[in-house]
Amino acid sequence: MADLFDKFDPMIRAREALGFVDSSPIDVVMEQIISPTEAVIKGKRTILAGTNNYLGLTFDPRCIKAAHEALDAAGTGTTGSRVLNGTYTGHKALEAAIARLYGAEHCMVFSTGFLANIASIGTIAGKDDVIVIDADSHASIYDACKMSDATIVRFKHNDPDDLDKRLRRLGTDANVLIVIEGLYSMLGDKAPMKELVEVKNRHGAALMVDEAHSLGVFGETGCGVVQEAGVMHDVEFVVGTFSKSVGTIGGYCVSNHPKFEILRLAARPYMFTASLPPSVVASALKAVEILGSEPQHREKLWRNARQLHEGLTSAGFNLGAAPSPVVAVKIDDRDMAVRLWEQLLNNGVYVNLAMPPATPQGLNLLRCSLSAAHTEEQVRTIVDTFERLARSNSVLSQPAA
Amino acid sequence: MSNALDEIVTLIAPHNRKGVAVTASSTFATDLEWDSLTVMDFVAEMEDHFDIIIPLNLLPDLETVGQVADAVNQLIEKKNG
């Protein structure tokens, strides 16, 4: 009998071929967290430029205080499902706060953002339904499709005409759920929300928008790209996560559908897992209040995003998209991407190394994400380090002006 | 009965980086060495070429070019009623 793990041999070989010298992304250990934007890695003080900590709220004293109080009052965990003993006052308060933020009737909170997608997509669309997803969708959306009994169709990334074409081919018989993201996490490109909503409305489909990377980042009160585009009430479902702007872990889905609450009994990833611990719920609730009422964090985040984008662009780098809090540097050569990633880390800058098949178009990316907590000085250091290392490796050939 | 095989072989040609001889028994993963993204992009290309929908649910069962051609033939027939 063969080894169960033989199927991983190609992956093992591919990983070995990447040629990391000192460290590889899965070996990075944050030995000490100094602040939302700094940690000690391999004994070295390092600027964190790849943590999706968009609003920098992980150390907000109000969130920490709320978490402490909940921990003391309600203990370390719920030890139960939301439908058994795992619904505390805090869970209901958090759901109410998110529903209020979106002006929506219903909100369900899940134990992770990944589960929010698996549970809502996989349950809402059933055997006779069709799910139409953007080609560049996150792994959790693809996996939700795999778990669903629905027919799965994929449309060209961010292309309303292609979506229109596919919906036309599908005809009018089936119920269709379209799933897109607000901001795509790898390249940092935004969905053409208005145009996609227009196509969706024309075909009478339902739309779910995953605002994982856009909650707290776009829109007047931080609801995401749907709010910025002014289509919040044209969108049937919004899902998101607490593990980025909210600074903790968990996920949610909001909707105005009159029968939405039945998902609490139908969605297995909601029922058959333990609910979020009270301290996580408490800090999430505080952070949701902050992101809705304090636009200054958002404004600071965007100043940082523009500074990094401008800095890297004028240094000569090829970037993934227009300015956003996700700034992806495209590196043509895979081995060079690996080497630069490692040298950035050795020089005190942590970014994300992203490669196919996790990236679209076969791209190798040094993906940065900004935080409102970054200082102007830190962003300058990120740009300077990128530029210096790229020049010494002849990735950028032009001498500095 | 339509026959999509020849057209699919033609559509594969520009993506046949290994330059392997493509027949009905060629496999996408092993012979053509396509990853899952390349396969899905090719599905989109076939959808547009034949004006059909090829659900991603079918992919796990489609390992060879011939199996894809059979599936496409069936989808074309279904479309034409």
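Predicted model: local features only at pLDDT ≥ 70, side-chain atom pairs only at ≥ 80, totals over all residues.
Residues are numbered from 1 along each chain as its sequence is written, chains are lettered from A and ligands numbered from 1 in the order in which they are written, and side-chain values use heavy atoms, with hydrogens and water left out.

Now to the strands. I use DSSP runs throughout, with helices being H or I over at least four residues and strands being E over at least two, numbered from the N terminus. Strand β9 of chain A, residues 237–241, is mostly covered, and five of its five residues are buried. Phe237(A), Val239(A) and Thr241(A) point one way from this strand, while Val238(A) and Gly240(A) point the other way.

What are the partners of β9(A)? Two strands pair if DSSP finds at least two bridges between them. Strand β8 of chain A, residues 206–210, pairs with β9(A) in the parallel sense over three bridges, and within this pairing Val209(A) stands opposite Val238(A). Strand β10 of chain A, residues 251–255, runs antiparallel to β9(A) and is joined to it by five bridges, with Thr241(A) standing opposite Gly251(A).

This brings us to the aromatic residues. Rings of Phe, Tyr and Trp (for Trp, its six-membered ring) pair if their centres lie within 6.5 Å, and planes under 30 degrees apart count as stacked, over 60 as edge-to-face and the rest as tilted. A search of the whole structure finds eleven such pairs over all chains. One of them is the stacked pair of Phe242(A) and Tyr252(A), at 5.9 Å centre to centre and 20 degrees between the planes. Phe242(A) sits in the loop between β9 and β10 of chain A and Tyr252(A) in strand β10, ten residues apart, and the pair links distant parts of the chain. Phe242(A) is buried at a relative accessible area of 0%, and Tyr252(A) is buried at 0% as well. In chain B, Trp34(B) and Phe42(B) form an edge-to-face pair, at 5.1 Å centre to centre with 65 degrees between the planes. Trp34(B) is buried at 6%, and Phe42(B) is buried at 3%. Returning to chain A, Tyr102(A), Phe242(A) and Tyr252(A) form one aromatic cluster.

A further sheet deserves a word. In chain A, an open sheet of four strands has the order β1-β2-β3-β12, with mixed pairing. Its edge strands are β1 (32–35) and β12 (349–350), each of which pairs on one side only. β1(A) pairs with β2(A), residues 38–41, in the antiparallel sense over three bridges, and Ser35(A) has Glu38(A) as its bridge partner.

Finally, some backbone details. Most residues other than glycine have a negative phi, and most peptide bonds are trans. Lys42(A), however, has a positive phi near 50 degrees; this residue lies in the loop between β2 and β3 (44–48) of chain A and is partly exposed at 43% relative accessibility. Glu33(B) has a positive phi too, near 55 degrees, and is found in the loop between α1 (5–12) and α2 (36–50) of chain B. The peptide bond from Pro356(A) to Pro357(A) is cis, with omega near 5 degrees, and Pro357(A) has its place in the loop between β13 (352–354) and β14 (365–369) of chain A.

How values were computed
Buried < 20%, exposed > 50% of the residue type's maximum accessible area, 1.4 Å probe, protein only.
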